Every structure is written in C-alpha cells, then in structure tokens.
Amino acid sequence: MAQFSLSDLEKIIGERARSGDPESWTAKLFAKGIDKAAQKLGEEAVETVIAAVKGDKQALVSESADLIYHWLVVLGIAGVPLEDVLRELEGRTGRSGVAEKASRSKG
C-alpha cells in the first residue's frame, strides 16, 4: 500500500471543492468561504489541544486529522498551495527555531 500524504489530501480536497456535490462537506466549506472554514479550523485546533492536555491519544489522533483537513481547506480557499508552506518550513530547517523566530519582523 502506498503512503498517504498531505499532497494526496490536498488533491482530494481540491477535487471535492470543485465537485459541487451537495453531500460533500468540503464543497460546502468552500461555498461558505474563508470565514466559516477558518472558524472550523480554530474549533479543531482547540479540540486538538484539549485532547493533548487530557492525554487522550485516540482523540488526539482523530482531532489532529480534523485539524489538518480543515487547515488544508483554509489554504485551498485562500489559494495557498501546500507546497508554499512546505517550502517555508524547509527554509527554516537550517537554523534554530529560536533564531528563526527572532528574525521575523515585528508587527
């Protein structure tokens, strides 16, 4: 079995977003726009944090999947390819997280 990747999920999300299928949660989120998708992303982030703090590993796995899915939906609606985020992360790997954070402009 081939390894499932975030790129695979990004592709599926894009296909479902364009499908117009009234039964597709993805199509509905894209139709509702960035505000609704970002709201759902925030809700899933909170649920992921709660699962982590509680030490509930199964809930953490499930909520993390929801979080990643909604994050990719937000990126898709915003027109930001996953590749851009990965490129940004790759560029940060050559320096420490503390140095990278200090280099960001304030504002």
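**Ser64**

I started with Ser64, which lies in helix H4. Helices here are DSSP runs of H or I with at least four residues, strands are runs of E with at least two, and both are numbered from the N terminus. This is a predicted model, where local features need pLDDT of at least 70, side-chain atom pairs count only at pLDDT 80 or more, and totals for chains, interfaces and linings use all residues. Residues are numbered from 1 along each chain as its sequence is written, and side-chain values use heavy atoms, with hydrogens and water left out.

Is Ser64 buried or exposed, or partly exposed? I looked up its relative accessibility, 24%, so Ser64 counts as partly exposed. The cut-offs: buried is under 20% relative accessible area, exposed is over 50%, and partly exposed is in between, with a 1.4 Å probe and protein chains only. I also checked Ser64 against Val49: they are 15 residues apart along the chain, and their C-alpha atoms are separated by 9.2 Å.

**Glu63**

Next I took Glu63, also placed in helix H4. Its relative accessibility is 17%, so Glu63 counts as buried. What does Glu63 touch, leaving out residues up to four places away in sequence? I found Glu44, Glu47 and Thr48; contact means heavy atoms within 4.5 Å.

**H3 against H4**

Those partners sent me to the packing of H3 and H4. The angle is about 160 degrees and the axes are 8 Å apart. Axes are lines fitted to C-alpha atoms, for helices over the stretch in contact, and angles run from 0 to 180 degrees between N-to-C directions. H3 and H4 are therefore roughly antiparallel to each other. The classes go like this: under 35 degrees is roughly parallel, over 145 roughly antiparallel, 65 to 115 roughly perpendicular, and the rest oblique.

H3 passes H4 in a left-handed crossing. Left-handed means the near helix is turned anticlockwise from the far one by less than a right angle, and right-handed means clockwise. On the H3 side, the contact residues include Glu44, Glu47 and Thr48; on the H4 side, Glu63 and Ser64 are among them. By class I wrote down 15 nonpolar, 3 polar and 5 charged residues for this contact. Ala, Val, Leu, Ile, Met, Phe, Trp, Tyr, Cys and Pro count as nonpolar, Asp, Glu, Lys and Arg as charged, and the others, Gly among them, as polar.

**H1 against H4**

How do H1 (residues 6–19) and H4 (residues 57–78) pack? Their angle is about 55 degrees and their axes are 10 Å apart. H1 and H4 are therefore oblique to each other, and their crossing is right-handed. H1 brings Leu6, Leu9, Glu10 and Ile13 to the contact, while H4 brings Ile68, Tyr69, Trp71, Leu72 and Val73. I sorted these into 8 nonpolar, no polar and 1 charged.

**H1 against H2**

H2 covers residues 25–32, and H1 packs with H2 at about 70 degrees, axes 7 Å apart. That makes H1 roughly perpendicular to H2. Here Ile13, Arg16, Ala17 and Ser19 of H1 meet Thr26, Ala27 and Phe30 of H2. The classes come to 4 nonpolar, 2 polar and 1 charged.

With 9% relative accessibility, Ser24 counts as buried. Ser24 touches Arg16 and Ser19, again leaving out residues up to four places away.

**The core**

How many residues does the largest nonpolar core have? I got 11, including Leu9, Ile13, Leu41, Tyr69 and Leu72. Such a core is a set of buried Ala, Val, Leu, Ile, Met, Phe, Trp, Tyr and Cys residues joined through side-chain atoms within 4.5 Å. H1, H3 (34–54) and H4 each supply at least two of its residues. The largest share, 5 residues, comes from H4.

**The whole protein**

Last, I stepped back. I found 6 helices and 0 strands. The C-alpha atoms fill a box of roughly 45 × 40 × 35 Å along the principal axes. Buried residues make up 22% of the 107. Among contacts between residues at least 6 apart in sequence, 51% join residues at least 24 apart.
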